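Good morning, and thank you for coming.

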Amino acid sequence: MTTTILRRTLIACGAAMLAAGPAWADDAASFPNKPVTIVVGYPAGGSTDLVGRLVANEIEKHLGQTVVVENLGGAGGAIGAQKVASAKPDGYTLLVGANNEIAIANQINKAVKYKISDFTPIGMVASQPMVLVASKKAGVKNATEFVKAVKANPGKFSYGSSGVGTALHLAGEMMKDQGKIDMQHVPYRGVPALTNDVLGDNIEYGVFVLSSGLPLIKAGKVTPIGTTEAKRYAATPDIPALAETPEFKHVDINSWFAMMAPANLPAPIAAKLKAALDKTMASPEFRKKMEDAGASVMDSKLDAGKYINGEIAKYKKIIDVAKIEL
């Protein structure tokens with residue numbers, strides 16, 4: 001009797017698998033047949049929200065289906081990222097997120113339970129460098145003067161970022177480590193508070209994403225010391241890269257955005273999303289809007305998974321040296 005029961009069980013399982021196969025294929029073939037949601041882990045109005053909405057507006061043309069943005073702010077983007085990591089892997093719940101929540105948060109905050117393996121990377125979207133600026137109070141004009149002033153006064157000066165464990169904070173700590181300089185980090189609750197203190201001469205230096213810092217630079221309210229990528233940013237050729245200064249020759253870090261889906265997304269659905277994202281990124285209108293926002297569209301041929309894992313390794317070195325944790 002045991003053998004008979006086992007045989008019946010195996011036959012039933014086999015039938016179920018055969019029935020599920022065509023259904024799964026049908027789901028992939030018909031994808032998408034209902035609205036797709038892009039989760040953004042921040043309130044409306046920020047840089048990640050802007051990228052998410054630009055992607056949503058363009059990609060729905062190529063998917064042939066409505067794409068809506070859901071803002072789910074909190075924990076520096078981690079709440080939104082967790083929702084996507086825990087979602088059904090059917091292609092209908094996606095994340096447009098930044099390096100903060102995708103590649104940094106779980107390295108510094110034990111409360112963040114997801115990891116990169118909980119996602120299927122669809123593609124990189126855009127990036128921009130960060131920029132170190134000096135307040136009028138600091139009185140320095142370039143990176144050489146900055147290094148000289150800080151080294152002459154160890155621990156006296158401070159730089160601000162938009163919060164502990166953000167890409168801005170990591171950029172500041174990378175500068176400190178590479179340049180062998182001693183500065184205090186002052187975390188702010190967002191860019192507006194940081195801006196107010198830099199403009200009010202309450203802090204000597206600030207690290208901004210370029211799109212946030214550039215208006216202040218153009219208005220002559222702060223002095224640009226240098227951008228954080230290895231080479232000068234094409235959109236701001238008059239601002240030197242920090243790497244042009246010997247003390248910072250290995251500084252190379254930026255802020256980036258990527259589209260992610262839950263892990264175990266069926267390959268045919270992932271391919272459809274990647275094709276739609278590639279068409280989105282190739283759109284002249286999309287590229288112009290991204291450039292107007294201060295970001296550059298990334299190469300669609302990049303292997304997103306490999307790229308992000310490389311970034312995770314880079315951040316780990318900075319986090320370990322600076323002993324950053326929440």
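**A buried glutamate, an enclosed strand and the salt bridges**

I begin with glutamate 229, which is found in the loop that runs between strand E8 (223–227) and strand E9 (254–262). Please bear in mind throughout that this is a predicted model.

Which side chain of opposite charge is nearest to glutamate 229? It is that of lysine 314, and it is 8.5 Å away. Glutamate 229 is buried, yet it has no salt bridge. A salt bridge here requires a side-chain nitrogen of Lys or Arg within 4 Å of a carboxyl oxygen of Asp or Glu. What glutamate 229 does have is a polar contact of 2.9 Å, formed between its side chain and that of asparagine 254. Leaving aside residues up to four places away in sequence, glutamate 229 touches Ser127, Gln128, Pro129, Ala241, Ala243, Val251, Asp252, Ile253 and Asn254.

Lysine 314 has a salt bridge of its own. Its partner is glutamate 311, with the closest N and O atoms 3.3 Å apart. These two residues, lysine 314 and glutamate 311, are 3 residues apart in helix H11 (residues 304–322), so about one helical turn separates them. Lysine 314 has a relative accessible area of 23% and is therefore partly exposed, whereas glutamate 311, at 6% relative accessibility, is buried.

How many of the 5 residues of strand E7 (residues 205–209) are buried? The count is 5 of the 5, so the strand is largely enclosed by the rest of the structure. Tyr205, Val207 and Val209 point one way from E7, while Gly206 and Phe208 point the other way, and all are buried.

Strand E7 also has pairing partners. With strand E4 (residues 119–134), E7 pairs in the antiparallel sense over 5 bridges. Within E7, valine 207 is the residue that stands opposite leucine 132. With strand E5 (residues 158–161), E7 pairs in the parallel sense, over 2 bridges. There, glycine 206 of E7 is the bridge partner of glycine 160.

Arginine 53 and aspartate 49 are 4 residues apart in helix H2 (residues 47–63), so they are separated by about one helical turn. Aspartate 49 is buried, because its relative accessible area is 5%.

Another salt bridge links lysine 289 with glutamate 285, the closest N and O atoms being 3.2 Å apart. Lysine 289 and glutamate 285 lie in helix H10 (residues 284–292), and since they are 4 residues apart, about one helical turn lies between them. Lysine 289 counts as partly exposed at 39% relative accessibility, and glutamate 285 is also partly exposed, with a relative accessible area of 40%.

Which residues are linked in a network of salt bridges? They are Glu58, Lys61, Glu285 and Lys289.

Thank you for your attention.

Notes
Residues numbered from 1 in each chain as written. Predicted model: local features only at pLDDT ≥ 70, side-chain atom pairs only at ≥ 80, totals over all residues. Heavy atoms only, no water. Buried < 20%, exposed > 50% of the residue type's maximum accessible area, 1.4 Å probe, protein only. Lys, Arg positive; Asp, Glu negative; His and termini not counted. Polar contact = N/O pair within 3.5 Å; in protein donor to acceptor, adjacent residues only side chain to side chain. Contact = heavy atoms within 4.5 Å. Pairing = 2+ DSSP bridges.
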